[in-house]
Amino acid sequence: MNLLGEPAPTFDDPLGLLRACHERILGHCLTLERLAEHLTQCGADSEARQAATRIRRYFLLAAPQHHADEEEDLFPWLLQQPEFPVVLRTSVKNLAAQHRQLEEQWQRLDRDLAVVEAGRVHPLGLEPFISMNRTHVAMENGEIFPIAEGMLDTGKRASIGATMARRRQAQ
């Protein structure tokens, strides 16, 4: 029996870190849905304000780093690899473009959450932010990352991980 669960991925496992980030994104999407319901039942109480704060912190700080990890490190490398499937090349380019769309949707939702964080009930414009994130994560986790996992050698894995670590130290 493992009471502590799986250890968190480190920068030695950059795809593991990206997947863990995806799990946090999906978890925040679920919290957003619960928060909308909570606001109608309980108002903007301390629990609602704390949830809004946690979600805002994640999407304002960690999500941009996550997008940079993919757009500046993983995706360009994949597109340079001759063995990366031709059929997925357009998908990778579309995933990068989707980051801009997700960021636009986030800006709208962030304004709503800021109102809740300030202690006022406000409707949350959850869609299309939540559905876009779920679809985006499913594509990366289900199609792109498994292929990338098989292509990354130890050196490239270390290089991408080191760049991701530096990106976070610069913040």
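Where does Pro128 lie? Pro128 is found in the loop between α3 (86–117) and α4. The peptide bond that joins Glu127 to Pro128 is cis, and its omega is near 10°. This report, which concerns a predicted model, moves from the overall architecture to the individual helices and then to the contacts between them.

## Overall architecture

The protein contains five helices and zero strands. Its pattern along the sequence is accordingly written α-α-α-α-α. Along the principal axes, the C-alpha trace of the protein spans about 55 × 40 × 35 Å.

Helix α2 covers residues 46–80. With 35 residues, α2 reaches 49 Å from its first C-alpha to its last, which is close to the 51 Å expected at 1.5 Å a residue. At Ala62, α2 bends by about 35°. A proline, Pro64, follows this bend within four residues.

Helix α3 has 32 residues, and the distance from its first C-alpha to its last is 45 Å, close to the 46 Å expected at 1.5 Å a residue. Just after α3 comes Gly119, which takes a positive phi of about 95°.

## How the helices pack

| Helix pair | Axis distance | Crossing angle |
|---|---|---|
| α1 (residues 14–42) and α4 | within 10 Å | roughly 160° |
| α2 (residues 46–80) and α4 (residues 129–151) | within 13 Å | roughly 40° |
| α2 and α5 (residues 154–169) | 10 Å | about 150° |

**α1 with α4.** The axes of α1 and α4 cross at roughly 160°. Because angles over 145 degrees count as roughly antiparallel, α1 is roughly antiparallel to α4. Their crossing is left-handed. From α1, the residues in this contact include Leu15, Leu18, His22, Ile25 and Leu26. Among their partners in α4 are Phe129, Ile130, Asn133, Val137 and Phe145. By class, the residues of the contact of α1 with α4 divide into 13 nonpolar, three polar and six charged.

An α-helix has 3.6 residues a turn, so residues three or four places apart point the same way. Such spacing can be followed in α1 through Leu15, Leu18, His22, Ile25 and Cys29, which are among the residues that meet α4.

**α2 with α4.** The axes of α2 and α4 cross at roughly 40°, and α2 is therefore oblique to α4. This crossing is left-handed. On the α2 side, the contact is made by Phe59, His66, Glu70, Leu74, Phe75, Trp77 and Leu78. On the α4 side, Phe129, His136, Glu140, Ile144, Phe145, Ala148 and Met151 take part. The contact of α2 with α4 has 10 nonpolar, two polar and two charged residues.

**α2 with α5.** Are α2 and α5 roughly parallel or roughly antiparallel to each other? At an angle of about 150°, α2 and α5 are roughly antiparallel. Helix α2 passes α5 in a right-handed crossing. Gln65, His66, Ala68, Asp69, Glu72, Asp73, Leu74 and Trp77 in α2 meet residues of α5. Those residues of α5 are Lys156, Ile160, Thr163, Met164, Arg167 and Arg168. By class, the contact of α2 with α5 has five nonpolar, three polar and six charged residues.

## Residues in two contacts

Some residues take part in two of these contacts. His66, Leu74 and Trp77 of α2 are listed in the contact with α4 and also in the contact with α5. In α4, Phe129, Glu140, Phe145 and Ala148 belong to the contact with α2 and also to the contact with α1.

How values were computed
Residues are numbered from 1 along each chain as its sequence is written. This is a predicted model: local features need pLDDT of at least 70, side-chain atom pairs count only at pLDDT 80 or more; totals for chains, interfaces and linings use all residues. Side-chain values use heavy atoms; hydrogens and water are left out. Axes are lines fitted to C-alpha atoms, for helices over the stretch in contact, and angles run from 0 to 180 degrees between N-to-C directions. Helices (H or I, at least four residues) and strands (E, at least two) are DSSP runs, numbered from the N terminus. Angles under 35 degrees count as roughly parallel, over 145 as roughly antiparallel, 65 to 115 as roughly perpendicular and the rest as oblique. A crossing is left-handed if the near helix is turned anticlockwise from the far one by less than a right angle, and right-handed if clockwise. Contact means heavy atoms within 4.5 Å. Ala, Val, Leu, Ile, Met, Phe, Trp, Tyr, Cys and Pro count as nonpolar, Asp, Glu, Lys and Arg as charged, and the others, Gly among them, as polar. The expected span of a helix is 1.5 Å times one less than its number of residues. The bend at a residue is the angle between axes fitted to the seven residues ending there and the seven starting there.
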